[in-house]
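Have the sequence and the model open side by side.

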Amino acid sequence: VVYEQEGVFIHSSCGKNDDQDNLIAGILRVIEKENEVVVDWRPLDETLDTSNILYAGKDSSSVVEWTQTPKEKCSRGADRPSSYEAEWDMVTTVSFKKKPHSNGDATTHANRESKWSFLFSLTDLKSIKQNKEGMGWSYLVFCLKDDVKLPALHFHHGDSKSLIKCLEKHVALNESPHDERVLLVKTQKSLSQSFENLFDEPSYGLLQKWKKDPYVVTMGKFSKVTNYIVGTLRSSDQSNQRRPPSEMADFFNDTIPGLKINQQEEPGFEVITRIDLGKQPEVSRREPVSADEWAKNMDSEGRILDVDYIKRLIFKGGLCHTLRKEAWKFLLGYFPWNSTKEERANLQKRKTDEYFRMKLQWKSVSEEQEKRNSRLRDYRSLIEKDVNRTDRTNKFYEGEDNPGLILLHDILMTYCMYDFDLGYVQGMSDLLSPVLYVMENEVDAFWCFVSYMDQMHQNFEEQMQGMKTQLIQLSHLLRLLDSGFCSYLESQDSGYLYFCFRWLLIRFKREFSFQDILRLWEVMWTELPCQNFHLLLCCAILESEKQQIMDKHYGFNEILKHINELSMKIDVEYILCKAEAISMQMMNCKELPQTVSEILGIENSSVTPDSDTGEDESGAELSCPTSLYQSISTPVIAANGTRDGTQQVAETQSLTPA
């Protein structure tokens, strides 16, 4: 139950409001069921004790007794924090404890009024009519898609607006252009059908959960895709088997406001130039940086002698594991590259004091205080839930009462004190886990995590600015790399690259093995060979799978299923080689579109203008990619990303970030 309000009446005989027999009192509820959201109005049954409602979940142990008053339940239901979502999504049935009948009249009374009861699914709702303010009791009239108008519901206690707010969390409501009192339900039928059947999840619920919280859905359900119902993806009308791009745009704009990725079919798309990127060069990798190499690049006071050189070594081969505990502190920005050993020791001492002061803040909160701090309570609840399922197969976190789990929990709780506005969002435990594993120290792990979150912060913000920017930028890069593949994805309603959401959100954490992710992250943290190298990693993975996707004519469902099943099957060294080859291919291009130059941070004097201005105003100057190979030992792994040299298409009007 996400909304409940008593004092909602049906006036069974208009014009006789003074006659109480013609005012039928009832309770209005909005209920999230397993596969739909329903609106339910029932006459007030005096045999029913509404303070004792049992919520029976799928799991027989998930039984919660809610004993608040209806007013309290209304307040909590309408503004329920998202951290409770997973708990209430388990609700499947509602049963009531009934009081003994006091006399026979009660049953007769209930039966007399039962003809007014109604219940409908939000998928059947067409519009809502409201009365004007100041016109007596506020009332709402629901009109269904079959043009059935339900009896007007009069809110004698007021607060009809809270119902509208609750419904807007599940359906899009727009004011009618013809009558300001009427709210029309914005329909997205084809789109809804496509997302409804992607997962082993009842239809209506998943779409709504994605729109409410794409983080939770991405982290959870995207990893469990097993069943695809292709038939329901397309309309039964064979002449209209493509979902209009406008529908996809509407959905993604609702989900991630500002995500504007043009489809080729949209008016105004114009090809202005053809760019030949040439062949991808062969790229090789070397052995990980050894402790001896690291020590030789440090002076007697502990300063790194040649930062650029050591970064190149790490980019080309990563680090041996014994070095990670020290080197990651530099890569993440916890230790300044030019600091001495003594300066770093003093820094750690200060940071240790600062950490434990913040930890004490939440440790010292009493139970009574926490009862009055819903946000802290929600953060703790979500952290405890996520910690118990983060990397539990890794020896560092396996088993019950594992000290690693306790540290994971404590660091995340302390981060909530460090950045209370952001707090905790699902996925952050995935970013912390490898850092804590390497550091084996609570304080060092915390400050390294803080530095990492400084890079990733926008991914987890409510407006999802970081996610939408990256999806837009990725589309730019992929179109330049292979416009044909982009066109194919768009033809299958997959041009929005939604399947890359999890890759970007937590930097491939769920796509590679634990040890491979250590290698991948340390390479990315060098910030070589260009900005946004992680987007080129996405391009490398997609280009590697392009042939199979196109040759087998994968559709919307199959593409998502195929990409999802790549998890733990990707060769990290091969993908690093391929991504580096793509970066060299683009940096060597003399007619690189300006937008791409800005994304990669490349200063190119021969930039192809792809906006109103032909000047490249951003991007730091980078050295030639060949500098990466200076003074680097013999490679051990090679990848040939050779392409056929087919000219690629670049476009001008698509993918311009807001």
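A residue is called buried when its relative accessible area is under 20%, exposed when that area is over 50%, and partly exposed in between, using a 1.4 Å probe and protein chains only. Helices (H or I, at least four residues) and strands (E, at least two) are DSSP runs, numbered from the N terminus. The model is predicted, so to speak of local features a pLDDT of at least 70 is needed, and side-chain atom pairs count only at pLDDT 80 or more, while totals for chains, interfaces and linings use all residues. Residues are numbered from 1 along each chain as its sequence is written, and side-chain values use heavy atoms, with hydrogens and water left out.

Begin with the whole protein. Its secondary structure comes to 25 helices and 16 strands. Of its 658 residues, 53% count as buried. The protein exposes about 30,000 Å², and carbon and sulfur atoms supply 47% of that area; accessible areas come from the Shrake-Rupley method with a 1.4 Å probe, and for residues only the protein chains shown count as cover. Contact means heavy atoms within 4.5 Å. Among contacts between residues at least 6 apart in sequence, 70% join residues at least 24 apart.

Now find helix H10, residues 307-317. Eight of its eleven residues are buried, so H10 is largely enclosed by the rest of the structure. The buried residues are Ile310, Lys311, Arg312, Leu313, Ile314, Phe315, Lys316 and Gly317. What do the buried residues of H10 pack against? Their partners are strand S14 (282-285), helix H9 (291-296), helix H11 (321-331), helix H21 (514-525), H22 and helix H24 (572-587).

Two of these partners, H21 and H24, also pack against each other, at an angle of about 20 degrees and with their axes 10 Å apart. H21 is therefore roughly parallel to H24. Angles under 35 degrees count as roughly parallel, over 145 as roughly antiparallel, 65 to 115 as roughly perpendicular and the rest as oblique. The axes are lines fitted to C-alpha atoms, for helices over the stretch in contact, and angles run from 0 to 180 degrees between N-to-C directions. H21 contributes Asp516, Arg519, Leu520 and Val523 to the contact, and H24 contributes Val572, Glu573 and Leu576. By class, this contact has four nonpolar, no polar and three charged residues. Ala, Val, Leu, Ile, Met, Phe, Trp, Tyr, Cys and Pro count as nonpolar, Asp, Glu, Lys and Arg as charged, and the others, Gly among them, as polar.

H22 (residues 533-551) has a further partner in helix H18 (residues 465-481): the two axes come within 10 Å and cross at roughly 50 degrees. H18 and H22 are therefore oblique to each other. On the H18 side, the contact involves Gln470, Gln473, Leu474, Leu477, Leu478 and Leu481; on the H22 side, His534, Leu535, Leu536, Cys538, Cys539, Leu542 and Glu543. Nine nonpolar, three polar and one charged residues make up this contact.

Two single residues remain. Serine 429 is found in helix H16 (residues 428-439). Is serine 429 buried or exposed? Serine 429 is buried, because its relative accessible area is 1%. Leaving aside neighbours within four places in sequence, serine 429 is in contact with Asp386, Thr390, Leu412 and Tyr424.

Histidine 154 lies in strand S10 (residues 153-155) and counts as buried at 14% relative accessibility. With neighbours within four places again left aside, histidine 154 is in contact with Gly7, Val8, Phe9, His11, Ser138 and Tyr139. The C-alpha atoms of histidine 154 and leucine 23 are separated by 9.6 Å, and the two residues are 131 residues apart along the chain.
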